[in-house]
Amino acid sequence: MLKSDWKRHFGLREAGVYYALILLMITLGVVTSLSGRPPYFSPVNITNILYQSSMIALMGVAMTVVLITGNFDLSVGSVAALGAAISVALAGPMGFGAAAIIALVACGMVGALNGAIVQLLGINAFIVTLGTLTGIRGLVLILTNGRSLIVSTPEAKAQMVAFEGGRVPIQMLLIVAGILLIVWFGVRLLRARRTGTHVDVGVPGAIVAGAAMLLTAFWGGAELGVAKPVIYTAIYTAIVWGVLSYTTIGRRVYATGGNPIAARLSGVNVGVYKMAGFVLSSATAGFAGILFGSRLGAVNPTALQGAELTVIAAAILGGTSLFGGAGSVIKTLVGALLLFTLTNGFNILNLGANYQGVIEGTVVVAAAAIYTVGGSRRKKAMA
């Protein structure tokens, strides 16, 4: 049984996204070196990838929760744009703090509306959120009057830039976090080997992440720093991962999507958990929108159009099931990094945008195929 668990944890289905990211980074590093391009593995480039992917990863974490509950949310791009528009419009007259709170509440209410329609009326979540995607985008056009909004006062803009901008030195933080990850999950793995018990956590990903943190810290030097959105995303992901992995709430979330009938018979309020997923998704999208608006102190009515597809692609790359009951926020985070590593590599290699869409689409379909085939084989083996 232990050998079977080991093979499952390090198999292509469970750890494939980690292998893909490592292989892609090595390939891009070699190609850029041989072609005389700027060094791919420079600390500046790596931290830029983290920054570029942070907003999508943030929304992807919440999207994973929605997908685990067995639902779908296509409205996150429009909701993020709504959060950006409200925060930018109100930051001048009300102050950034009050504007951000109002934006979060408004976006959370959109999630509550999505959840109420899906749960109370029984309409498919795909149809409902497709409708709110269009409706909220129209509301953004109304709020912006079809033109770009700019923060009206220098004081408010300075507050927004301070919230989103700047870099935070993280060398020591990476070293401590990397050592803790490796030691903690290493001890769990050794204990499982001695006792023959099942390890129910993402051991491979945790150990790889710990090693990557140590390498990044020592390679980056004392001046290594990342943008604040990266820190926000890391903290948020850690909280959601901890709740899903180690709390009763997390077990009920998985049960809600995996077998809602059995969960309901066990006393789980399935409707509440499904609705909470929508609220979490929209509130998180609102926070991402606030970060987006704070980046330049401005927003245009078409901001973040199509972002929902990238968010869903990151979750799919991370192996989250579209049928509910399975998913990992850590692997969704890696999926977002994989997408933006591809984009970053295309830019360094000066590949045209025409090729980027084809290759990214192929990667998403290939990942879905691998997870589907792997899941089918495991079910046959268990039968």
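A: Let's start with Tyr-232, which is partly exposed at a relative accessible area of 22%; buried means under 20%, exposed over 50%, and partly exposed in between, with a 1.4 Å probe and protein chains only. Keep in mind that this is a predicted model, where local features need pLDDT of at least 70, side-chain atom pairs count only at pLDDT 80 or more, and totals for chains, interfaces and linings use all residues. Residues are numbered from 1 along each chain as its sequence is written, and side-chain values use heavy atoms, leaving out hydrogens and water.

Ring pairs join Tyr-232 with Phe-96, Phe-163 and Phe-287 in a cluster. Rings of Phe, Tyr and Trp (its six-membered ring) pair if their centres lie within 6.5 Å, with planes under 30 degrees apart counting as stacked, over 60 as edge-to-face and the rest as tilted. The structure holds 6 aromatic pairs. One of them, Phe-96 with Phe-163, is tilted, at 5.3 Å centre to centre and 55° between the planes. That pair links distant parts of the chain, 67 residues apart: Phe-96 belongs to helix H5 (residues 96–121) and Phe-163 to helix H7 (residues 154–164). Helices here are DSSP runs (H or I, at least four residues), numbered from the N terminus. Phe-96 counts as buried at 9% relative accessibility, while Phe-163 is partly exposed at 22%. Phe-163 also pairs with Tyr-232, this time stacked, at 5.2 Å and 25°. Phe-163 lies in helix H7 and Tyr-232 in helix H10 (residues 228–246), so this pair ties together parts 69 residues apart in sequence.

Terms used. Helix = DSSP H or I, 4+ residues; strand = E, 2+ residues; numbered from the N terminus.
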